[in-house]
Amino acid sequence: MRTRFFNFIGALIFVTSFINAQLFISEAAEGSSNNKYLEFYNAGSETIDLSGFAYPNVSNAPSVPGEYEYWNAFDDGALVAPGDVYVVCHGSADATIQAECDETFTYLSNGDDGFCLVYGSENSFQTLDCIGDWSATDPGDGWTVAGVANGTKDHTLVRKPNVTLGNQGNWSLSAGTNTDDSEWIVY
């Protein structure tokens, strides 16, 4: 009996980790005025309930290096279908952004705020993906992405089509140093 219980728990952890790995940030925009959004893509074959996920952030340099400052849970009942996206945008964004928006959030980045997609609770979570980071260093106006200085400021970042998983919090590897080694296309 004990062996079956541990096998069940191990399988449950594997399945949960597999499902979590299929959700990642596919776009992030920091445009003029309030034209800002985060787009979360479900690369899996099953609908994902976002109730166990969140997108916490830091504003500029965090109060405690490596820790989020603000916990941002998805709206109750939020789901993302397989092969689809869930978009969180600023409530005053342009109508073209609003047309794709699933949820509004006022405090999106000005280019220098690190956001992560996480699974779990405020006190215990797994980091799945990040735009920027929660380090002690304020990036100034924004982080360099694909060799573009301040690439997270006044740009739209789109994940390259060959990327199928989040960066698990390793923003510097994801951002890369040039267009070849970055996971992002900077528009």
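1. Before we get going: helices (H or I, at least four residues) and strands (E, at least two) here are DSSP runs, numbered from the N terminus. Also, this is a predicted model, in which local features need pLDDT of at least 70 and side-chain atom pairs count only at pLDDT 80 or more, while totals for chains, interfaces and linings use all residues. Residues are numbered from 1 along each chain as its sequence is written, and side-chain values use heavy atoms, with hydrogens and water left out.

2. Have a look at D154, which sits in the loop between strand 9 and strand 10. D154 isn't a glycine, yet its phi is positive, about 60°. D154 is partly exposed, at 48% relative accessible area (buried is under 20%, exposed over 50%, partly exposed in between; 1.4 Å probe, protein chains only).

3. A146 is in the loop between strand 9 (125-131) and strand 10 (156-159) too. Its phi is also positive, near 55°, and A146 is not a glycine either. A146 is buried, with a relative accessible area of 7%.

4. Now the inside. A nonpolar core means buried Ala, Val, Leu, Ile, Met, Phe, Trp, Tyr and Cys residues joined through side-chain atoms within 4.5 Å. The largest one has 27 residues, and F40, L50 and F74 have the most contacts inside it. Elements giving two or more residues to this core include strand 2 (36-42), strand 8 (115-120) and helix 3 (171-175). Strand 1 gives the most, three residues.

5. Zooming in on L50: leaving aside residues up to four places away in sequence, L50 touches L23, F74, A78, V80 and Y86 (contact means heavy atoms within 4.5 Å).
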